[in-house]
Amino acid sequence: VLYDSGSAVFTLPAGTDPVRSQLSLSVGVSPLTAIRGMYHDLRVYPYDCSEQVSSEAMAVIALYRYQPQAFQKTYGVDPKVEIARAVTVLTSRQRSDGAIGYWGSNDWTTPWLSAYAGAILLDARAAGVKVDTLVISRLADYLGQYLHGTVVARFTPVASWYTGRPAELTDRVAAVDFLSRANRADVAAENELLRSAAE
């Protein structure tokens with residue numbers, strides 16, 4: 001953050017042709033300037049894991065909501081195409097039990113990962129991108145079953161993380177948040193979490 005004035009020296013890497021190279025700088029008064037500069041790293045890449053695809057889509061959706069008219073001109077891409085790509089990837093990874101798999105529809109998951117991906121699907125729908133209501137419904141069924149102890153735990157690479165209460169509470173908060181946003185609120189589970197607020 002620059003409050004007054006400053007200077008910077010750029011040393012070109014060895015072998016760089018300064019005649020045929022270009023350096024672009026953007027300055028501004030909000031965090032959006034930095035986000036614009038990093039945008040090429042935030043495009044939805046369909047071969048990322050579900051958590052990465054969700055995080056990429058979250059940034060695209062947030063930027064699109066903030067600047068719907070200027071998005072394509074500013075970033076050079078159609079935001080609806082990027083968001084729809086994320087929806088397609090996450091939807092294709094829905095497992096038979098309704099959860100969202102980490103790499104695919106036959107892969108491991110956690111309630112938090114599924115709720116996080118589900119939140120992105122809800123955000124995409126709110127941004128005007130088509131999302132299959134059956135995908136949302138099946139995901140809500142899975143998270144509701146998790147909250148009531150009827151989901152059978154499977155081995156995951158992060159199983160050791162789940163030996164502590166904080167991870168369980170994180171999953172439960174994510175699940176009730178998704179269900180509430182999907183108009184399937186589980187009031188009993190919400191009340192149980194409120195009683196655990198001190199934790």
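Okay, one definition before anything else: a residue counts as exposed when its relative accessible area is over 50%, and as buried when that figure is under 20%. Keep those two cut-offs in mind. Also, what you see above is a predicted model.

Have a look at Asn183, in the loop between H7 and H8. Is Asn183 buried or exposed? Its relative accessibility is 70%, so it counts as exposed. There's something else about this residue. Most residues other than glycine have a negative phi. Asn183 isn't a glycine, yet its phi is positive, near 60°.

Now for a residue at the other end of the scale. Thr109 sits in a loop as well, the one between H4 and H5. Its relative accessibility is 8%, so Thr109 counts as buried. What do we find around it? Setting aside neighbours within four places in sequence, Thr109 is in contact with Arg95, Ala99, Ile100, Gly101, Ser114, Tyr142 and Thr156. With Ile100, a polar atom of the Thr109 side chain lies 2.6 Å from the backbone oxygen. With Ser114, it's side chain to side chain, a polar contact of 3.0 Å.

Two packed helices are described by the angle between their axes and the distance between the axes. For H5 and H6, the angle is about 150° and the axes are 10 Å apart. An angle over 145 degrees counts as roughly antiparallel, so that's the label for H5 and H6. Their crossing is left-handed. Who makes the contact?

Last stop, the largest nonpolar core. How many residues does it have? The count is 44, and the ones with the most contacts inside it are Ile83, Leu143 and Phe178. Helices H2 through H8 each give two or more residues to this core. The largest share, eight residues, comes from H6.

Let's finish on Ile83. If we skip residues up to four places away in sequence, Ile83 touches Val60, Ile61, Tyr64, Ala124, Ala127 and Val129.

Conventions: Residues are numbered from 1 along each chain as its sequence is written. This is a predicted model: local features need pLDDT of at least 70, side-chain atom pairs count only at pLDDT 80 or more; totals for chains, interfaces and linings use all residues. Side-chain values use heavy atoms; hydrogens and water are left out. A nonpolar core is a set of buried Ala, Val, Leu, Ile, Met, Phe, Trp, Tyr and Cys residues joined through side-chain atoms within 4.5 Å. Buried means under 20% relative accessible area, exposed over 50%, partly exposed in between (1.4 Å probe, protein chains only). Helices (H or I, at least four residues) and strands (E, at least two) are DSSP runs, numbered from the N terminus. Contact means heavy atoms within 4.5 Å. A polar contact is a pair of N or O atoms within 3.5 Å; within protein, one must be able to donate a hydrogen and the other to accept it, and residues adjacent in sequence count only if both atoms are side-chain atoms. Axes are lines fitted to C-alpha atoms, for helices over the stretch in contact, and angles run from 0 to 180 degrees between N-to-C directions. Angles under 35 degrees count as roughly parallel, over 145 as roughly antiparallel, 65 to 115 as roughly perpendicular and the rest as oblique. A crossing is left-handed if the near helix is turned anticlockwise from the far one by less than a right angle, and right-handed if clockwise.
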